[in-house]
Amino acid sequence: MPDEHTAVTAAGIARLAGVGRAAVSNWRRRHADFPRPVGGTEASPTFDLVAVEEWLRGQGKIRAVPLRERVWQQVAAHPDGAPAGLALAGAALLVVRERPAEWLALAEGADAARAAGLPPALREVLAARLGSQHPVNIPDDVSAALPLLRGAGELAAEAGSAPRAYEFLLTRYLEANPRQHTLTPPEPASLMAATAGVGRRAAVLDPACGAGTLLTAAPGEGPRYAQEADPDLAALAALRLALHTGAEVRAAAADSLRADAFADVAVDAVLCHPPFNERNWGHDELAYDPRFGYGLPARTESELAWVQHALARLRDGGTAVLLMPPAAASRRSGRRVRAELLRRGALRAVVALPAGAAVPYGLPLHLWVLRKPGATAPAGGLRLLFVDAAERYGTGRDRVRWAPLHTDVTAAWRAFDRGGEIAEEPGAVRTVSVVDLLDDDVDLTPARHLPPAAADGSAAALGDVRERLAEALRLSVDRTPPPPARAAAREAPLTTVGELARAGALKLRMGGAGAVPPGGAAPPVLTEHDVAGGTAPSGRLPEGAAEEPLLVAAGDVVVPVLGGGRVARVVDGDTAGAALGRNLALLRPDAAAVDPWFLAGFLRGTANARQASSHASTATRLDVRRLQLPRLPPAEQRRHGELFRGLAAFEDALREAGRLGGRLVQGLYDGLAEGSVGPW
């Protein structure tokens with residue numbers, strides 16, 4: 001049974017029941033028997049989890065709280081805060097993974113025996129995996145956390161492994177606190193690890209490790225060194241790494257610039273997503289630090305301090321890959337350090353990533369690839385590789401096409417690293433002599449050193465775009481609906497999506513949970529942007545979470561729940577099999593009861609969406625259960641459905657015409673400006 005003192009917020013109740021927070025507010029107002037708050041504040045009350053679960057079951061809103069939700073609520077309700085609860089759960093999962101027999105013996109004992117035996121068992125396994133100086137704190141008294149620890153062990157069995165159970169809980173914590181931590185998404189982490197070329201036995205350091213994503217992405221069995229200024233994140237990252245790999249893991253909770261815990265360590269690779277735009281990074285007290293052999297960075301150039309710290313921790317010939325803000329490549333205050341990095345052959349490549357690759361999502365961040373100078377000079381002399389991937393692979397969060405970007409960037413770097421030269425690709429790849437870069441600005445922005453791509457500005461390419469645009473316009477005209485006729489007043493009674501779901505006429509599910517299991521197939525993710533833009537699934541699943549993804553099928557209706565937009569998409573055969581992304585609701589109608597196109601068409605009505613939307617927070621949220629549609633016989637549903645299908649086809653044609661028209665206009669501007677096309 002769960003801990004009787006475990007509390008849950010309104011957001012947690014909404015997640016348990018699969019509804020929006022507005023629905024929970026309505027339950028509190030409309031049902032006198034709804035559980036009373038047991039804590040929190042007036043604006044954000046908390047409720048007893050057991051009482052809430054019993055009420056939800058009594059109302060027929062859930063059959064039982066899933067184990068993963070129960071454990072998460074116990075983590076979130078830990079009296080010392082969610083990070084402390086998650087650290088305890090992670091330590092228990094480490095015992096489950098490393099010493100299963102010992103865990104079973106502890107789990108089968110009485111509560112008093114477990115409370116006495118768990119702290120020394122947790123400390124012993126932590127010391128064995130993380131060394132004696134680790135950042136994970138285990139209290140002497142864990143009696144209040146026994147339900148949480150027991151639930152963590154049960155979750156490991158349900159998820160299939162302790163690492164997957166921990167990954168689920170950690171992901172849930174990070175998603176619940178997005179503004180507290182600057183995290184590296186898995187896609188750029190994988191790209192950075194691949195670019196660094198981490199070998200099987202390579203020692204790898206992340207001096208600003210956050211939640212440990214970069215070190216988790218690094219393959220191999222070599223030692224892993226992690227340091228993080230935030231003590232909570234340092235503990236959580238240490239547990240993540242200990243569960244993720246069997247390699248030696250050492251972690252420290254301290255600022256790497258001011259209190260380097262690994263000053264005596266020389267590693268093969270450094271992966272780092274440093275803090276951006278920090279003024280108080282230690283400029284004054286570190287003025288004579290030997291790490292800054294390329295020049296003391298200005299107070300406004302904290303990122304260049306991290307670059308030199310990474311180089312100082314590399315062995316000769318080791319590689320560092322850092323995720324950097326684009327301003328670090330061009331600010332005048334950093335030009336002297338950049339020039340010295342170039343002269344000594346330390347900076348080897350600058351890669352411009354698309355906006356949306358990582359926080360801050362509005363900026364096209366850069367990857368800096370560095371090599372600690374050794375006895376041998378770089379192949380091909382002193383040259384710098386520029387790769388501009390800022391626009392070629394899509395832009396925007398969850399819209400970047402990571403698979404081709406990953407392939408192209410790593411291929412360009414490896415070719416350059418082998419021979420010091422690579423074939424130039426206009427607008428994409430080029431190498432430049434360091435001598436040509438050492439001007440007054442030492443500007444290392446890739447776009448300023450790459451000749452523009454002329455594909456869309458050539459006469460042949462623009463002619464092809466024009467022909468495709470003409471075809472799209474003809475198709476738009478052909479699909480234009482006939483003049484509308486005045487309709488008689490409809491007298492059909494209305495029903496709601498919630499009523500249809502309760503009657504079994506359709507199934508309602510929410511997206512966003514789930515991940516591809518390690519070694520499993522990774523379906524693409526249908527994102528909010530894909531639904532709104534009518535494009536193919538473009539997102540990617542993370543790895544290692546405890547839940548399987550929800551896959552869409554042909555005939556499903558997908559509705560975004562944020563933003564107040566009036567969008568509903570019927571899944572076709574090309575989209576079927578994709579995973580349902582965040583902030584999307586899936587309606588799976590029984591074909592004998594509800595026509596999917598009829599359903600999608602009525603869900604898009606302006607008045608319908610307005611009455612089902614709430615504004616309880618900074619974003620408009622759609623309560624899908626409140627969306628209405630008329631009760632019509634199957635034949636009448638299909639007649640309306642065909643009309644809605646025709647409108648959707650007309651909309652697709654207009655969207656394609658708009659896209660091609662914009663491409664043609666921009667291509668003509670570029671072609672005329674660059675001289676690749678002449679006046680007509």
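**Terms and values in the predicted model**

Author: The model is predicted, so local features need pLDDT of at least 70 and side-chain atom pairs count only at pLDDT 80 or more, while totals for chains, interfaces and linings use all residues. Residues are numbered from 1 along each chain as its sequence is written, and side-chain values use heavy atoms, with hydrogens and water left out.

Reader: With which residues is His449 in contact, leaving aside its neighbours within four places in sequence?

Author: They are Phe386, Arg430, Val432, Leu437, Asp443 and Leu444; contact means heavy atoms within 4.5 Å. His449 itself is placed in the loop between helix H16 (434-437) and helix H17 (459-478); helices are DSSP runs of H or I with at least four residues, strands are runs of E with at least two, and both are numbered from the N terminus.

Reader: Why is His449 called buried?

Author: Buried means under 20% relative accessible area, exposed over 50%, and partly exposed in between (1.4 Å probe, protein chains only). His449 has 16% relative accessibility and therefore counts as buried.

Reader: What makes E2 and E3 a pair of strands?

Author: Two strands pair if DSSP finds at least two bridges between them. Strand E2 (residues 37-40) and strand E3 (residues 45-48) are joined by three bridges and run antiparallel. Gly40 has Pro45 in E3 as its bridge partner, and the two strands form a hairpin with four residues between them.
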